[in-house]
Amino acid sequence: MSLSAKALERLLDNSEFDLVARTRRGKLSGENDESLRDLARILREKRDRARGIARQQRREFRGKAAPQGTRPASDNQGTKAKADALTVALKRVGAEQTRRTEKLHAPSQRSLARKALAMKQRERALQRPTSRTAGEGMRPVTNRKAAKSGALNDAGARPAMMRAKIARQ
């Protein structure tokens, strides 16, 4: 969850607040790649330090570690919130770096159009016949069970022949 500027001012010191403010919407696009890398490195260092302090404070108020100061820490909520704010800022920087990298490696519209045309032409070439002459076409399949034309044992042939004889007389 993003915090308001006032809440961030309360959590962070001036240098950390300036770093987080540089990661706000609209300001990251103005940074060049080199300064973006430096910003990520500094934010990572500050976040790791805040995490370490929060971890130490948690151990102190649980009674697992000796106090670093004159008295043991009673709470680590502020330091944990500081680490969380720096983590969110670091994620914004990482997302911007990823966006820039993907933009560099994305194919152009021209190359995509050329690829589509080549695929279309390849498909057309596969649909064309290999020669200009027609093939043999469909071949008839003979029925082995059927009697040959004019055979007497053909079903219905005998009555038809009888009728033909009668009709001839």
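**Exercise 1. The whole chain**

What does the accessible surface of the protein chain come to, and what share of that surface belongs to carbon and sulfur atoms? While you're there, work out which elements the chain is built from.

*Solution.* Keep in mind that this is a predicted model.

- Step 1: the accessible surface comes to about 14,100 Å², and 52% of it belongs to carbon and sulfur atoms.
- Step 2: go through the secondary structure, and you find six helices and zero strands. Read from the N terminus on, the order is α-α-α-α-α-α.
- Step 3: check the burial. The chain has 169 residues, and 20% of them count as buried.
- Step 4: turn to the contacts. Take those between residues at least 6 apart in sequence; 55% of these join residues at least 24 apart.

**Exercise 2. A patch of charge**

Find the residues that gather in a patch of positive charge on the surface, then say which helix gives the most to that patch.

*Solution.* 

- Step 1: list the members. They are Arg 51, Arg 55, Arg 58, Arg 59, Arg 62, Lys 64, Lys 80 and Lys 91.
- Step 2: pick the top contributor. That's α3, with five residues.
- Step 3: Lys 91 is found in α4. Its relative accessibility is 59%, and the cut-off for exposed is over 50%, so Lys 91 counts as exposed.

**Exercise 3. Thr 87 and its partners**

Is Thr 87 buried or exposed, and which residues does it contact once its neighbours within four places in sequence are left aside?

*Solution.* 

- Step 1: Thr 87 sits in helix α4.
- Step 2: judge its cover. Buried means under 20%, and Thr 87 has 16% relative accessibility, so it counts as buried.
- Step 3: look for contacts. With those sequence neighbours set aside, Thr 87 touches Arg 47 and Arg 51. You've met Arg 51 already, as one of the residues in the positive patch.
- Step 4: follow Arg 47. Its side chain meets that of Asp 48 in a salt bridge, at 3.0 Å from N to O.
- Step 5: compare the two ends of that bridge. Arg 47 is buried, with a relative accessible area of 13%, whereas Asp 48 comes out at 40% and counts as partly exposed.

**Exercise 4. Glu 96 and its salt bridges**

How many salt bridges does the structure hold? Then trace the network that links Glu 96 to other residues.

*Solution.* 

- Step 1: get the total. The structure holds eight salt bridges.
- Step 2: start at Glu 96 and go to Arg 99. The closest N and O atoms of this salt bridge are 2.8 Å apart. Both residues lie in helix α4, three residues apart, which is about one turn of the helix.
- Step 3: Glu 96 and Arg 100 are separated by about one helical turn, because they are four residues apart in α4.
- Step 4: check how covered each residue is. Glu 96 is buried at 10% relative accessibility, and Arg 100 is buried at 15%. Arg 99, at 40%, is partly exposed.

How values were computed
Residues are numbered from 1 along each chain as its sequence is written. This is a predicted model: local features need pLDDT of at least 70, side-chain atom pairs count only at pLDDT 80 or more; totals for chains, interfaces and linings use all residues. Side-chain values use heavy atoms; hydrogens and water are left out. Patches are made of residues with over 30% relative accessible area and no salt bridge: like charges are joined within 9 Å, nonpolar side chains (Val, Leu, Ile, Met, Phe, Trp, Tyr) within 5 Å. Accessible areas come from the Shrake-Rupley method with a 1.4 Å probe; for residues, only the protein chains shown count as cover. A salt bridge is a side-chain nitrogen of Lys or Arg within 4 Å of a carboxyl oxygen of Asp or Glu. Lys and Arg count as positive and Asp and Glu as negative; His and the chain ends are not counted. The place of a charge is taken as NZ of Lys, CZ of Arg, CG of Asp or CD of Glu. Helices (H or I, at least four residues) and strands (E, at least two) are DSSP runs, numbered from the N terminus. Buried means under 20% relative accessible area, exposed over 50%, partly exposed in between (1.4 Å probe, protein chains only). Contact means heavy atoms within 4.5 Å.
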